[in-house]
Amino acid sequence: MNELDHFLEAADQPERYGAGIKAGGTPVLGYLCSYAPEEIIHAAGVHPLRLFGTLESTLHADSHLQAYCCSLARGVLETALDGTLEFLDGAVFPHTCDTIQRLSDIWRLNTPFDFFADVVHPVRLDAGFAREYLEDTLQRFKRELEAWSGSKIDDAALARSIETFNTARKRLDDLYRMRSRDPGCISGSRVSSIVKASMILNRDELPGRLSRLLEEIESGRYRTGATDDRKRLLVAGSLCDHPDFYSMVENLGGVVVWDDLCTGSRAFDGFIDPSGDPVKAIARRYFERRPCPSKHLSNTARAEALASMAEEHGVQGIIFFLLKFCDPHAFDYPYLKEYLEAKNIPVTLIEVEDSLPPEGQLTTRLETFIYTL
Ligand code: SF4
Ligand code: SF4
């Protein structure tokens, strides 16, 4: 099996992979947001598994959630209630958007898992004491994990985890930059599956796997035949678990050369300083990485970040790919659109629920947008 197949298989069947890790004797904790401190979970000898939910019917979850919850929250709760996640030892809920905060209570009261933790991040990253507050929050989470696992998480273990995550994030950044320079080196749908798999695979093996994968890509074996005249696009939003979307864009003469997704570049953005106090360093990354709209850094931080990514990667248009009922992203969209269009960066909005809009409708909208660029 080549390296790419490992990534594609894990992305295709995350629960099967998580169950395999658990069967091998490693406890598994789920999380559904990139603000979960994976490094601390990993340093405790526990496997952090990002949860993506299901695209199937959500009958169990529907009896607990209001109709206006996003499909991510609904799908993840469904997999907890229908037994798909029975191998999990617990879950970690960073308090970010309102939906995740409410889901956390429902999860705690209705699921049978052993471990549960809320990690209450500050909303205003620019507030005085926000850094000290987050450091305290992460220390408290570390103590909760230690009490549950029965073993101390020492600084040496945290330093090893930081090194592992820094290396893996750097390799993912290398992959994105390689594709931005040469979009035909591998398809967008495969890149999206690789990033997804990086939140599922054994993290100790991940840096090595990514290095071998980069060599495979450099050897030219995954070339798509895409030509340089494709319209260069950036996708922004929360998560995009639809590899078909990237193929559709490519079939219409575009190519996604970068993204601002929490299942994309926001998952690997930011470096953790390996010197000094490890928990403080982990906290610092949350202030230095690009914020998602559930955080406030400044009135224009997200718009400036998008404009700068667009400039750096020669982006000709931005597709906002938003989940229905995702308030943080929906509230940001009008001002981002205005800001970016004033800078001559065209934008379009695609709203999805659990599945993509009907193919004909989506194709027409994407085709029109790409044609106008
Ligand atoms: S968009 Fe932000 S709050 Fe929402 S799931 Fe992603 S990282 Fe978490
Ligand atoms: S940020 Fe949006 S997509 Fe993510 S959990 Fe909250 S409402 Fe859902």
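Helices here are DSSP runs of H or I of at least four residues, numbered from the N terminus. The structure shown is a predicted model.

**View 1. Surroundings of ligand 2.** Helix 5 (71-81), helix 6 (98-110) and helix 15 each contribute at least two residues to the shell around ligand 2. The residues that surround ligand 2 are Cys-70, Leu-72, Ala-73, Cys-97, Thr-99, Ile-100, Ser-238, Ser-294, Leu-323, Cys-326, Pro-328 and His-329. Eight residues of this shell are nonpolar and four are polar, while charged residues are absent.

**View 2. Phe-325, in the loop between strand 7 (317-323) and helix 15 (327-342)**. Although Phe-325 is a residue other than glycine, its phi is positive, near 70 degrees. Phe-325 counts as partly exposed because it has 18 C-beta neighbours inside 10 Å, a residue being buried at 20 or more and exposed at 12 or fewer.

**View 3. Phe-129, in the loop between strand 4 (115-119) and helix 7 (130-149)**. Phe-129 is not a glycine, yet its phi is positive, at about 70 degrees. With 9 other C-beta atoms within 10 Å, Phe-129 is exposed.

**View 4. The largest nonpolar core.** This core comprises 104 residues, and those with the most contacts inside it are Ile-40, Val-92, Leu-233, Leu-234, Val-235 and Ile-318. Helix 8 (residues 155-181) provides the largest share of the core, seven residues.

**View 5. Contacts of Ile-318.** Leaving aside residues up to four places away in sequence, Ile-318 touches Leu-234, Ala-236, Leu-306, Ala-310, Leu-340, Ile-345 and Val-347. Both Ile-318 and Leu-234 are among the residues with the most contacts inside the largest nonpolar core.

Terms used
Residues numbered from 1 in each chain as written. Chains lettered and ligands numbered in written order. Predicted model: local features only at pLDDT ≥ 70, side-chain atom pairs only at ≥ 80, totals over all residues. Core = buried A, V, L, I, M, F, W, Y, C linked by C-beta atoms within 7 Å. Contact = placed C-beta atoms within 7 Å. Near = placed C-beta within 6 Å. Nonpolar A, V, L, I, M, F, W, Y, C, P; charged D, E, K, R; others polar.
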